[in-house]
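Keep the 3D view open as you read.

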Amino acid sequence: MKRFVRWLAGAAFAAAICAPALAAEESGALCPNPQQLQGFKTCADLAKAEAEGEVVIYSTNPEAAAQKLLAVFRGQFPKIKTNYVRLQAGALYAKVLAERQAKSYLVDALQLSDMGMVLDFQKKGGYVRYVSPEMAVFKEEAKSQPEGYWTWGAMGPAGIAYNPNVVSEAESPKNWHDLLDPKWADAVNVKVSNSGLQHVSWFELRGKYGAEYWKKFGELKPRAFDSYVQQYDRLVNQQDKVIHTAQYSGYLEWKAKGAPVAFNVPPDGMPATPETWGIVANAPHPNAGRLFLDWLLSPVGQNALEQGLYTHSLRPDVPPPPGGLPIAQIKLLVPEDWQAFLTSRPEFQREWDRMTGLR
């Protein structure tokens, strides 16, 4: 954790050096007298946010689930429409960078599931600093240093999912090494290399078990998909038997629908990626963006997030998602050295694309 804090301090310093144009916006980073709204506090100007009339959100979350969250926000603020764009982390980050290179500023609130990209974007001066009054309850490791550039709005752990109509509980893989059994050949799926969670899983399990782990797993010829929606649909339809590093939130969502899915929590831990949120510099709707972030980080928004997407809140005053284990009972495998994680991306992408036949 100390290495992480040092890296955050360095990233914040680099952001200050690389983005002097944001100085004027930085003056509005702090708010001594937040306004109390419907269940949360905000430093946004509500009248200006409503006059802007829109908030544009880029995120990695599947659109159908995200729309449940956004419907709650629109219910509280009917004068502000939501415009939602969803891509996997790598593709989404590439889109944002390309837009900024062209000086086309289209997004207000950005969620990325890959901390390497988050820290890179902070170094590039991509976030505007805004210290939400709702950030106070989040632990230091869940916030940028100095705080206000980004916050971990949710945590998404991953384990092992299977279809109990095809795989019995007795024969189901209980730990990460069980998934190397040749019986899972041509019957297991994963995510594509653009996924932040898949990168974390590769990084953490390689660290625990060595590079040979993924080489052996590659012999099973896993299929890769863009979204956990596709992964669980294939599991339910018996096109695949198991999901390696399956999103726990996806399992909870499909279980709530009554789908035939089961889940094992490996005793060595669950790779997890934070869903990191921040306000983008030069946002077209700055007040609406701030209002949305304050709402999202509050108990009102965090409960809506869990109800819609089944992810885990890091607020101590918010319960776990429906049917889910409390996050305190989950052994999370999260990179301690985010610089090493960021540096590993090219190697991960080459290996993963080759392993899944996408390269």
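## The sulfur link

Start with the link of C31 and C43: the angle about its S-S bond is -95°, which makes it left-handed. Keep in mind that you're looking at a predicted model, not an experimental one. What does a disulfide actually consist of? It's a covalent bond between the sulfur atoms of two cysteines. Here, the sulfur atoms of C31 and C43 sit 2.5 Å apart. The cut-off for calling a pair a disulfide is within 2.5 Å, and by this rule the count comes to 1.

Where along the chain are the two partners? C31 is in the loop between α2 (23-26) and β1 (35-36), while C43 is in the loop between β2 (41-42) and α3 (46-52). That puts them 12 residues apart, and the pair links distant parts of the chain.

C31 comes in at 27%, so it counts as partly exposed. C43 has 22%, so it is partly exposed too.

How many cavities of 30 Å³ or more turn up when the whole structure is searched? There are 3.

The largest cavity holds about 180 Å³ of space. Its lining is made up of 20 residues, and those nearest the centre are T60, S113, K191, Q247 and E275. Which elements give two or more residues to that lining? They are β6 (151-162), α7 (196-209), α10 (248-256) and β11 (270-279). Sorted by class, the lining of the largest cavity has 12 polar residues, 5 nonpolar ones and 3 charged ones.

Next comes the second largest cavity, with about 40 Å³ of space. Among the residues lining this second cavity are V96, E99, R100, Y105 and A281. By class, its lining has 6 nonpolar residues, 2 charged ones and 1 polar one.

Time to look at the backbone itself. Which two residues are joined by a cis peptide bond? Q145 and P146 are, with an omega of about -5°. You can find P146 in the loop between α6 (115-123) and β6.

Two other residues have a positive phi without being glycines. One of them is D186, with a phi of about 60°. D186 lies in the loop between β6 and β7 (188-191). Its relative accessible area is 42%, so D186 counts as partly exposed.

The other is N282, whose phi is near 65°. Look for N282 in the loop between β11 and α11 (286-297). With a relative accessible area of 35%, N282 is partly exposed as well.

## A proline to finish on

Last stop: P316, in the loop between α12 (299-309) and β12 (332-333). Is P316 buried or exposed? Its relative accessibility is 71%, so P316 counts as exposed.

How many residues separate P316 from F138 in sequence? The answer is 178, yet in space P316 and F138 are 8.2 Å apart, going from C-alpha to C-alpha.

Conventions
Residues numbered from 1 in each chain as written. Predicted model: local features only at pLDDT ≥ 70, side-chain atom pairs only at ≥ 80, totals over all residues. Heavy atoms only, no water. Helix = DSSP H or I, 4+ residues; strand = E, 2+ residues; numbered from the N terminus. Buried < 20%, exposed > 50% of the residue type's maximum accessible area, 1.4 Å probe, protein only. 1 Å grid on protein atoms, 1.4 Å probe; cavity = no way out; pocket = protein on both sides within 12 Å on 5 of 7 lines; lining within 4 Å. Points joined across faces, edges and corners; volume = space filled by probe spheres on them. Nonpolar A, V, L, I, M, F, W, Y, C, P; charged D, E, K, R; others polar.
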